[in-house]
Structure formats: C-alpha cells, structure tokens
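Let's take a walk through this structure together, one element at a time. Keep the sequence and the model open beside you as you read.

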Amino acid sequence: MKADARSRWARLSGLFLAALLIATPVSAQDGDPMTEGIMAFRGGEHAAAVAHFEQALKDNPENAEAYFLLARLYWETDLRDVKKAGNYLESALEIEPGNVQFMVALLQQLRADSELFIIDQSREARRRRLAIDILKIDESNSFAHEELGEVYIRDFWRYRNALMYPALDFLTAEYRSRMEYDPMAGYLVDQANLFDQANGGIVESEIPETFSQAGPTWNPNQVFMADEFDVEALSDQGIPVVDLSGRAQVAYDRAIFHLNSALESDPRQRTVYDHLMEIFALKGEYDEALNMLSQMYVFFPEDPELWTYLGYAHYHAGNMDAASKSFETSFRFMDSETAYAYNHIENILPKDELEAYRADEAGYTSRFWTSKDPRYLTPYNERKMEHYARLTYADLLYGSSKLDMKGWNTRRGEILVRYGIPQGDVIIIPRSQSGVMMGTPERTGTSIDDSAADVGVAMNVGRFGSGWDMFEEANTYNIWDYGEFQFVFEDPFRNGEFRLYSPSASDISEGAIPYINDYIIKAEETIRETPERYEYEAPGRQIELPYAVAAFKGTDGNTDLYVNYAIPITDAYDPGAEFINITANAGTFVVADNRDILVERRRTVYGLPTSQIVRFDESNLWVDTEHMSTPPGEHEVSVEFETTGGGTVAVQRREVTVHDFSGSDLAMSDILLSYRIEESFDGMPVSGSDILRQGLSIQPAPWTVFGTDQPIYIYFEVYNLTPDAEGVSRYEVEAELTPRESGSGIGRALRGMFGGGGQGVSTGVPISVEATDDGQYLILDAVNLESGLYTLKVTISDTVSGRDVDMTKDLFLE
C-alpha cells in the first residue's frame, strides 16, 4: 500500500526543517521567531509555532520559508486546514517561484483526493506539468521523477487493455444505433492524443474511418444483445472496437525510466519501490522485480512488504522454495492486523463450512490448506502461496492509503483473491448522451486552467437540464472474464475506485434487464456457487496419470482401498533390462470431506521394473498399486508422480465414494478391471504391481482401455450372503456388456472361468460356497466386439434370500 501525500510531504518538510536549523547561525537564534517557531514545531507545540511564523511574516512579509512552514503546519498536523495550507504554499511560490522544494511540496499537495473526478483529472495534468518544470531546474529530483513514474503507470493501466466503440443504446434487447459517436470514446482519444503529444508524437492515434463517418455501416436491427458488456459479440456483429493497447509499451518504458531515476537520486525513497513493483507485476516482469527488490533489501530489510513482494515475484517466476521462505519471513515483520488478513480464509469458504471454521479458525484453516494443496510431495503448499500472492497483488494494485483501505477489502481485490487474475481484463467506455468531452483541462501557454472542467459541467447542466447525469458521462467499465463467468465494474467518478456495475433506476425503467446486466446480483450468485477457484499448473513436462480406485471390505469397519495408477513410458527402453533407469517420487493421498488427510503414502522409486509395463499400440504404461485402509465416506484421492528434479510431473485428483461394507445387507465390492489374474503361490504377488485378494494375484488396469484382442479380467467380491440350513451360500452371477451410447440394454453373453477352475460357464451359472463372503473373477473375450465405449454390469443374485445387488463399470475397447 502506497504512502499518501501527507506522509511524503512530512518527509520532505522534515528534511527542510532540519536544514533550516543547521543553516541558522547560533548568534541569530535567540529570540528569532523563525528559530522559536521551528523548535515549537519540532516539539509538537503547533499553535505556538503558527504564532512564531506569523510574527516572522510581520517582521518580513517576503519570508518564503515562513509561508512554507505555515503551509506544512496546516497540512499535516492537528491544525489541518487544506485551504490555508494551499494559500500559504502559493504565497511561498509567488516569492520564490523557482524554489524546487516549494514546487515539490505543491506536487505532493496536488495528490489529495477531491471526491470529484473532474478536479482529479485536472490535478493529474497539473502534477505532470509541475514535475516536468521541476526536472528542468533539478534533473535528478527524485520526487518529480516519482511523480512522472506514477503518471506513466496510470497511462500503462489506461492503455494496456483499453477498448472503445461507438455509442450504442443497450436498454432494449434490440439496441439502436445513434447518429453521433461515443464522446467518452472521444475523451479517451483526446487523452491518447495528449499522451502522444507529451511523448513527442511517438504513437499515432489509429481511429478507424467508421468513427468519423456520419452514421453506422452496420445494420443495428440485426444485432440482438441483452448483455451490453459482451465485447466479443460486439466485434462479431461488425461494430468497430478499437484497441488502444499499443501505447502501453511506451508508457511502461517511460515509467521505468523515471522510477529508476528516482531511486538513483534517493534509494531510500520507499514509495518508489511500491510503484516499480506495481508496474512489474502488471507487466509480468518478475526477473526485473527481483533485481529491484534486491536493492530494496539493502535499505528496508525488515519491511514486511519487501518479503511479500519477494514471495510474489519468486512465486510467479517459478522459484517455489524461495517464494515459500519469503512469505514465511514476511510474517515476522507484519503487524497483527495484516497477518490476520493473510491467514483469514472466511471469504473463500463455502457458506456451509463457515460454522465449522468459526468454531476453530486455526484448526480449520490448517485442514483447509492441507486439503487444497495440489502437490503433497512438495515441501510447500502451492495453493496457499497462490492465496498469499493474490493478496499481495490485490493490495499492490487496489490498496488506497488515502482511504486507509487494503486492496483485498476493495470489491475488485476481493474477487481477485477468490478467483485470481482474470483470463480477460478490458476497459471499455460504451456510451454517452451529451456529446461533450469531459475532464480535459484547457492549456494556456505552459499553465493549465482547472476551471475549464467546471465550466464544462455548468454548460452541460444548462444544455441538458438537471436530468443530465455527469457520472454516466464519466463512467468507465472494467470487464473481468473468467470463462464460465465474468464481473463488470464501473468507475463513475473516474478515480480508479471501481465498484460492481448495476443498472440505474432510469436504465431499468427504459428496459434494461437486471438479471443479465446487474453484476451485483450476478456476483452474489457466482460467489455462492463458486466461492473460490484455483487451477494448478505443474512445472516441467506434464504427463497424464490415469488411475482407478476400487473398494473392498476391510477390517474393523474400515474399507480396503486400492489405488492403481499408470505412468506413460514415452521413450524407448530395453524390454530385456530389469529396470528403466529413472528415480522418481510417488505419493497417494486420501482426503476426507471434512478436509482431514486420512491416509498418505510416499515413497521413492529407484528404477521402474520393466515387469510392470503393459504394452499398447499407442503407448506403454508402467503400472503400480497402493493399498490403503480408510473409513467409508465421500473422499478425495490424489495421486502424484515426479521424477527427481521435477523434470516430469503428473498430478491427478478425483472425488470418490468409499462404500461401507460393515452392514449386514447383501453388498458387492467395486468391479476391478485387470490385465491379469492368477493363483498366488506362498501368499506372494506374481508381480510388484499385483494386489492379493482371496488367494489371487491381480494386476489391476488403471487405464480402463483394452484391445479387442486382449482378454479383460474382472474381479469382484460379494458380502453377507445368506447360507442355507446346511451352511452353504448359493448365488448367481450375471454379466452384461452394453455399448454405452446405445443404452438399449442388449447384453453380450460372456464366456469365462470362475475361480480359475478351468471350467467354461455362461452367465447366470449358480455358485456355491461355504462362506457368507466370496471373491470371483471373470475373463471377458471381446474379440468380436466393435471399438467404442461400453458399460459392464455385474449382478449378484442370492438364491437363498432372494436379494440382488449390482455394480457397473465403464471401459473402452480399441
């Protein structure tokens, strides 16, 4: 958050005050009203200081320093009176118009908010001119360079994503074209022209002919739009949309030059680092930001924003370890209020989790971040760092020291923290009624006439009556597009303080559709349905990681969960070799719906055994399995794999239902599709990737794709069968394979073997076992089937109790 004008002037004036004390001879200090006034000022006796300086002016009406110090007293102390401060400063400048220190003080004074965008626009132009004048006298003046740096940052903001198009009436579903063209677009053009003039005509305005013609070249009756902020649809309909972003690079280069010049003159000018970080973040120049921050570290090593800036820059540069350490270091220097904001997650939680969060903020926050961590194998939490980075970016761009408001508490900042930087971010000025360009100051010689804007307001009120809406004239819109939803902000005061757009009462009375164009309502709906969003992008080469999850009855009320995953082998390897020379880290994690981690498995694989490779026409898969015991419920399973050094990364996460088999009703396990099933000898698996169930060694198929010439092994278990009077349980198995797209229910009879006994049977053959639980497998021959997606359904019928249970599984034949 940037320092305000008062604190900057206090720093400037403090240096001036000290200089006066040093410069005043000791013999002249006794009884001198200037010396006594300075001592009273420094001692906090502000009223006494005013009396002394006023006496000094009676003694010498041309005492510019006395006027300046009175201006300071009325600007920054408890005597604050902006009007008096301004008058005294003007008097000082009348006496010494070329006094750089007085000029810089005026520069800082002009930073104050006026609460009226017209005056703010005028002051911005005055500051620009004043900074240029200062540099003509003192070419190394850090305050003037900082001011011009800020000006060019605003220009960069203005042009990096600015669009304009003709005035259109969107108040009906079928909008009409006007004969005149958007004067607020004209305002933007005028600002662009001023920008060009200030930069030696480096960039030419490129306004298409359609903006100067007498009427539209498109047919407005063929355009049907209810959402006036659909810029893509406007372009598709042939409406000329002009991109003004070409000026952004010019503004960027100018900003960097002036801000670097400010630091060369005074590397302790703290706010310059904020401005540089702001424009580096906007431009995505993270290496440049890190170079700048290394200099900031020399002078401000314990500044918490130094460390959040370092965290932000390292994070976006891909230096995750450094980013994590930087963010953690920042907490050592933060005040408690800021630290709480960085750790507070209520604004990104679903509403149904708020009660649990408020009951145990620290515990719930810890579980939340753990559950959101996209890569448990890394020592840092990427999602948590993304949150810190969003907070830093929001405060950097939207924080206001004038309003004493952190960036994340603004509307745009709040949404950015929830959803991150939008995919699309454009500024548009869609319409105007009066045809009068506003806010552009008149230039007379080298001075700027602030009254021009006020005259423009009076003329418009006289021209259009009291119904003329000045703020509608001034309005600027900022569209944030996230793909599935968007937000539209408006800046009716044109002061950069955007709010969510909502149609005015007059707009609605004229036909505006609130549920389409009211983004206050739409934002509430979006936040309710999607409280936060984060999409992880792994560094290095990303590969697909297919995996399947199968649940079976466990012990002590838990469920045996098998997670079978596959790593694509894209490079050639020697099938005769025992291992592929790769060292990798693998992990499997189960997270409960209350965000607790139930199970985690981590291991390092030193070489991939070639015996676990399954060959396909298009690729080869190295398959492996993790066996876990978990309580039943709705869980999330995360599977991770990375080679040493992170060159290849695979991360997959999926919600699964883990069945409860602890009851007494007839139940069936998940269907486990497999590449191979055979008898286990000595209770050992045949291959390292096999699982053992019911004396069988099973190689699961994590990629549910099979060749039509490849046997498909299907394993399942049945629980809580009802035995007859002789203690024998009897049931029938029926298997049906149906093309997924047909949904006709026409099945294919399967020929297979149950229990590996070697006897061919058809579906519907009864099974008898002297147990209430049993495990069986089928071998599916799909040689005569066509390629495509199929649904396999296995039904168990308990012939003693008459109960049925079934499970389904999709698979693809190629």
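Lysine 553 has threonine 559 in β13 as its bridge partner. Helices here (H or I, at least four residues) and strands (E, at least two) are DSSP runs, numbered from the N terminus, and two strands pair if DSSP finds at least two bridges between them. Together β12 and β13 make a hairpin with five residues between them, and in the turn aspartate 556 has a positive phi of about 60 degrees. Of the seven residues in β12, six are buried, so this strand is mostly covered; buried means under 20% relative accessible area, exposed over 50%, and partly exposed in between (1.4 Å probe, protein chains only).

A word on what you are looking at. This is a predicted model, in which local features need pLDDT of at least 70 and side-chain atom pairs count only at pLDDT 80 or more, while totals for chains, interfaces and linings use all residues. Residues are numbered from 1 along each chain as its sequence is written, and side-chain values use heavy atoms, with hydrogens and water left out. The mean pLDDT (the predictor's confidence in each residue, from 0 to 100) of the protein chain is 79, and 74% of its residues reach 70 or more. The pLDDT is below 50 over residues 21-29, a stretch that has eight contacts in the model beyond near neighbours in sequence; contact means heavy atoms within 4.5 Å. Residues 742-762 also have pLDDT below 50, with 43 such contacts.

Now turn to an open sheet. Its five strands come in the order β24-β32-β31-β26-β29, with mixed pairing. At the edges are β24 (705-706) and β29 (766-769), each of which pairs on one side only. β24 pairs with strand β32 (residues 804-813) in the parallel sense over two bridges, and there valine 705 stands opposite phenylalanine 812.

Next comes a helix. α5 (residues 82-95) has 14 residues and reaches 20 Å from its first C-alpha to its last, close to the 20 Å expected at 1.5 Å a residue; the expected span is 1.5 Å times one less than the number of residues. Which residues of α5 are buried? They are Ala85, Gly86, Tyr88, Leu89, Ala92 and Leu93. Because these buried residues fall within an arc of 165 degrees seen down the axis of α5, they line one face of the helix; the arc is that of the directions from the helix axis to the C-beta atoms. Lys83 and Glu94, on the other side of α5, are exposed.

Proline 422 lies in the loop between α20 (411-419) and β5 (424-429), and is buried, with a relative accessible area of 11%. Leaving aside neighbours within four places in sequence, proline 422 is in contact with Trp480, Asp481 and Tyr482. Although proline 422 and tyrosine 482 are 60 residues apart in sequence, they are 5.3 Å apart in space, C-alpha to C-alpha.

Threonine 643 sits in strand β18 (residues 633-643) and counts as buried at 15% relative accessibility. Not counting residues up to four places away in sequence, threonine 643 touches Ile582, Thr583, Ala584 and Thr648.
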